[in-house]
Amino acid sequence: MAPCALCPADNPARAILRRPKTLQPVCKQCFFDVFETEIHNTIMGFGQAEGSSADGKGKRKELFRRGEKVAIGASGGKDSTVLAHIMTLLNDRYDYGLDLCLLSIDEGISGYRDASLDTVKRNAVQYDLPLKILSYHELYGGWTMDRVVGEIGKKGNCTYCGVFRRQALDRGAHLLTVDHVVTGHNADDVAETVLMNVLRGDIARLERCTAITTGGDLPPELDDPEDTKTLEGLLPRTIKRSKPFKYTYEKEIVMYAYFKKLDYHSTECIYSPTAYRGHARALVKDLESIRPSAIVDIIYSGEAMASSIKLLGRRAGGDPGPTNEKKGYTRAPRNSQQKCTRCNSLSSQPLCQACMLLESLNKGVAKVELGAEPSKEKLVGEANGSGAMEKLAV
Ligand SMILES: Nc1ncnc2c1ncn2[C@@H]1O[C@H](COP(=O)(O)OP(=O)(O)OP(=O)(O)O)[C@@H](O)[C@H]1O
């Protein structure tokens, strides 16, 4: 192998790998350094397209506040295991002052999640982090994903899993009195989602999918600390979600986990779909093999499109006005947020998606609904909640 491209030129070590992101030959130590530093830069808002100009005025925006309590969404897989490792490491190294913990959701998938949760339990000891595990079984009246799949079959099961997991993470965060959850979504995931939204012409989602942080904004009219449901421990607010690996390549995460000998679980979900995302994933991998920067370039393009859409929306007063229509742009108007009448979580409908899905399961009509010709509303609901379509909503 060639000399390391990142070592001092007068005394380079021998490279042991080619960095997937740049194809540079690098030694092990330089790979660790560049991998960790790039994530730190993302966290600090340095140097990346969105981070360097988060407000469009060139002002950088840091991902965390000092003293913030942050839960790491931990599934035991490679991404979240590396995330737990890196967050602990960088929090110590750069003194972010974060209070970290692990939050795991047990979807009730026997033979898969039980094994990966054992890994998370070991990670909690290895990184000395408190761990909270919440199960669908306890949150959703005895429904586990094994039972959901028994009821509706494998087709469409990710819709249920994605919607339930999103809410379960929020509820777990609330129980842990955490305002911020970080997940292991990586650059490949974000690029796939950008492509999927472009290919579907889903402009509203395209606008949101490249954001490094979502949520955390409760409309003032809903912010009522005296709300009795809030006092009972139900969701009063949206929890912030961030993706510190937004610019981190999946291949580099795997390499980092391998060279650091991290303890992670590597099996795929047994109910994993072969849905649309699979095609986007294959396309991203093909493009990456021809030109490695394709992944990050797709993300930059997505960010640029999101900024343009925002600008157009602002000019049109938030509605798809005539100017936009003439130019062929549409921007789905967003329903105002309200509290779900049943579980108090934020929702654009009187009943949130999780409660709607739960109701259909409890009434025994879920299978019928999934099999039937979907109505327009149903399509919107699915696009908003599907695990397959909406991996980034986890
Ligand atoms: N059951 C879960 N409990 C807690 N967090 C989860 C869970 N499932 C997924 N997440 C979070 O969402 C991220 C993306 O999840 P996804 O299901 O796409 O898995 P993945 O890309 O295989 O990631 P990982 O390798 O961490 O499992 C994970 O990295 C993790 O932070």
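Predicted model: local features only at pLDDT ≥ 70, side-chain atom pairs only at ≥ 80, totals over all residues.

Biologist: Where is Phe35 placed, and is Phe35 buried or exposed?
Modeller: Phe35 sits in helix α1. A residue needs 20 or more other C-beta atoms within 10 Å to count as buried. Phe35 has 23 of them, so Phe35 is buried.

Biologist: Which residues does Phe35 contact, leaving aside its neighbours within four places in sequence?
Modeller: Asp179 is 144 residues from Phe35 in sequence, and the two are 27 Å apart in space, C-alpha to C-alpha. Once neighbours within four places in sequence are set aside, the contacts of Phe35 are Glu252 and Tyr256.

Biologist: Which helix gives the most to the side of domain 1 that touches domain 2?
Modeller: The domain assignment gives domain 1 as 1-44 and domain 2 as 62-283 + 376-393. Their contact takes 13 residues from domain 1 and 18 residues from domain 2. On the domain 1 side, the most residues, nine, come from helix α1 (residues 28-44).

Biologist: How do the residues on that side of domain 1 divide by class?
Modeller: The side in question is the one where domain 1 touches domain 2. Its residues divide into six nonpolar, two polar and five charged.

Biologist: Which elements give two or more residues to the shell around the ligand?
Modeller: The ligand is surrounded by 17 residues, and the closest are Gly73, Gly77, Asp79, Ser80 and Gly184. By class, the shell has four nonpolar, eight polar and five charged residues. The elements that give two or more residues to the shell around the ligand are α3 (78-93) and β4 (99-106).

Biologist: Which residues does the UniProt annotation "binding site" cover?
Modeller: The annotation comes from an unreviewed UniProt entry.

Biologist: Why does Gly73 count as buried?
Modeller: Gly73 is in strand β3 (residues 69-73). The cut-off for a buried residue is 20 or more other C-beta atoms within 10 Å. Gly73 counts as buried because its C-beta neighbours inside 10 Å number 23.

Biologist: Which residues does Ser75 touch, not counting those up to four places away in sequence?
Modeller: Ser75 lies in the loop between β3 and α3. With 24 C-beta neighbours inside 10 Å, Ser75 also counts as buried. Residues up to four places away in sequence aside, Ser75 touches Ser80, Ser104 and Ser116.

Biologist: Why do the buried residues of helix α6 line one face of the helix?
Modeller: Helix α6 spans residues 145-152, and its buried residues are Met145, Val148 and Ile152. Seen down the axis of α6, these line one face because they fall within an arc of 55 degrees.

Biologist: Is Leu23 buried or exposed?
Modeller: Leu23 is found in the loop between β1 (17-18) and β2 (25-26). Its phi is near 65 degrees, a positive value in a residue other than glycine. Leu23 has 12 C-beta neighbours inside 10 Å, so Leu23 counts as exposed.

Biologist: What is the phi of Thr177?
Modeller: Thr177 lies in the loop between α7 (157-175) and β6 (180-182). Thr177 is exposed, with 9 other C-beta atoms within 10 Å. Most residues other than glycine have a negative phi. The phi of Thr177 is positive, near 50 degrees.

Terms used:
Residues numbered from 1 in each chain as written. Helix = DSSP H or I, 4+ residues; strand = E, 2+ residues; numbered from the N terminus. Arc of directions from axis to C-beta. Near = placed C-beta within 6 Å. Nonpolar A, V, L, I, M, F, W, Y, C, P; charged D, E, K, R; others polar. UniProt positions renumbered as here; feature names shortened; annotations may be inferred. Contact = placed C-beta atoms within 7 Å. Domains from an automatic or database assignment.
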